[in-house]
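Subject: Structure handover and findings

Hello,

Here is the structure for you to look through. Please open it next to this email and follow along.

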Amino acid sequence: MNNNERLYKISEIADIAKVNKTKVWRYIRDNNISERSMKGNAKLYSEHTKDVIIKALSSESVHLATETKADTSRILLEQIDILKGELERKNDQLDKMQSLLDQQQRLNLSTNRQNEKLLDTTTNNPPSQNDDTDVLKPTEGNYKGKETKTPKKGLFGWLRR
């Protein structure tokens with residue numbers, strides 16, 4: 001070990017690389033990098049090891065950022081396509097609803113005209129005396145001329161007399 005060589009802790013390497021200590025520790029673990037020496041419980045790494053770790057983490061960060069941007073833009077484009085499809089379906093539904101409303105308005109107008117014609121013909125032509133459509137007049141089938149009540153029998157029948 002060279003006395004002039006500076007040794008770095010994981011926290012120092014993380015500060016220089018501007019990443020989390022855990023990320024540095026995982027990189028060291030995954031790549032089987034051994035420490036140069038120990039100071040208490042802290043592992044110390046050489047200048048060269050520090051440079052390798054920082055270079056790897058910075059290129060990894062750039063690579064991840066590029067991947068993240070590409071993934072984000074791809075996801076956004078997919079979402080735009082989905083939303084365009086939904087918008088087209090909603091426009092079709094609105095067109096169908098508009099045509100149904102127009103049809104209903106035409107039917108209502110036609111019905112109102114027919115009702116007005118019927119009202120005009122019935123007010124201009126008074127009903128004849130032989131018109132059997134009046135529901136207030138009794139007909140032969142439903143009126144016998146005399147109502148007969150049968151006295152109800154029972155315990156309180158004497159109250160109804």
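Below is what was found in it, from the overall layout down to single residues.

Please keep in mind that this is a predicted model.

**Layout**

The chain holds three helices and two strands. Their order along the sequence is α-α-β-β-α. Helix H1 covers 10–17, helix H2 covers 21–30 and helix H3 covers 47–124. Strand E1 spans 37–39, and strand E2 spans 42–44.

The chain has 161 residues, and buried ones make up 13% of them. Now take the contacts between residues at least 6 apart in sequence. Of these, 58% join residues at least 24 apart.

**The nonpolar core**

Which residues touch the most other members of the largest nonpolar core? They are Ile13, Val24, Ile28, Ile53 and Leu57. The core has 14 residues in total.

Ile13 is worth a look on screen. Set aside its neighbours within four places in sequence. Ile13 is then in contact with Tyr8, Val24, Tyr45, Lys50, Ile53 and Ile54. Val24 and Ile53 are on that contact list, and both are also among the core residues that touch the most other members.

Is Lys50 buried or exposed? Lys50 counts as buried, because its relative accessibility is 9% and the cut-off for buried is under 20%. The charged end of Lys50 sits over the ring of Tyr8, 4.8 Å from the ring centre. Both Lys50 and Tyr8 are also contacts of Ile13.

Lys50 has a salt bridge as well. Its partner is Asp51, with the closest N and O atoms 3.4 Å apart. Asp51 is partly exposed, at 39% relative accessibility. Shared partners extend this into one salt-bridge network of Glu47, Lys50 and Asp51.

**Other salt bridges**

How many salt bridges does the whole structure contain? The search finds five.

- Glu12 with Arg6: their side chains meet at 3.9 Å, N to O. Glu12 is partly exposed, with a relative accessible area of 26%. Arg6 is partly exposed too, at 43%.
- Arg29 with Asp30: the closest N and O atoms are 3.2 Å apart. Arg29 is partly exposed, at 43% relative accessibility. Asp30 is exposed, with a relative accessible area of 52%.

**Serine 46**

Where is Ser46 found? Ser46 is in the loop between E2 and H3. Ser46 counts as buried because its relative accessibility is 4%. Its side chain makes a polar contact with the side chain of Thr49, at 2.9 Å.

Ser46 is then in contact with Glu5, Arg6, Leu7, Tyr8 and Arg36. Two of these names came up above. Arg6 is the salt-bridge partner of Glu12, and the ring of Tyr8 lies under the charged end of Lys50.

Two residues other than glycine have positive phi.

- Lys18: phi is near 60°. Lys18 is found in the loop between H1 and H2. Lys18 is exposed, with a relative accessible area of 74%.
- Asn32: phi is about 50°. Asn32 lies in the loop between H2 and E1. Asn32 counts as exposed, at 70% relative accessibility.

**Where to start**

- Lys50, for the ring of Tyr8 and the salt bridge to Asp51.
- Ser46, for the polar contact with Thr49.

Best wishes

Notes:
Residues are numbered from 1 along each chain as its sequence is written. This is a predicted model: local features need pLDDT of at least 70, side-chain atom pairs count only at pLDDT 80 or more; totals for chains, interfaces and linings use all residues. Side-chain values use heavy atoms; hydrogens and water are left out. A nonpolar core is a set of buried Ala, Val, Leu, Ile, Met, Phe, Trp, Tyr and Cys residues joined through side-chain atoms within 4.5 Å. Buried means under 20% relative accessible area, exposed over 50%, partly exposed in between (1.4 Å probe, protein chains only). Helices (H or I, at least four residues) and strands (E, at least two) are DSSP runs, numbered from the N terminus. Contact means heavy atoms within 4.5 Å. A charge sits over a ring if NZ of Lys or CZ of Arg is within 6 Å of the ring centre and within 35 degrees of the ring normal. A salt bridge is a side-chain nitrogen of Lys or Arg within 4 Å of a carboxyl oxygen of Asp or Glu. A polar contact is a pair of N or O atoms within 3.5 Å; within protein, one must be able to donate a hydrogen and the other to accept it, and residues adjacent in sequence count only if both atoms are side-chain atoms.
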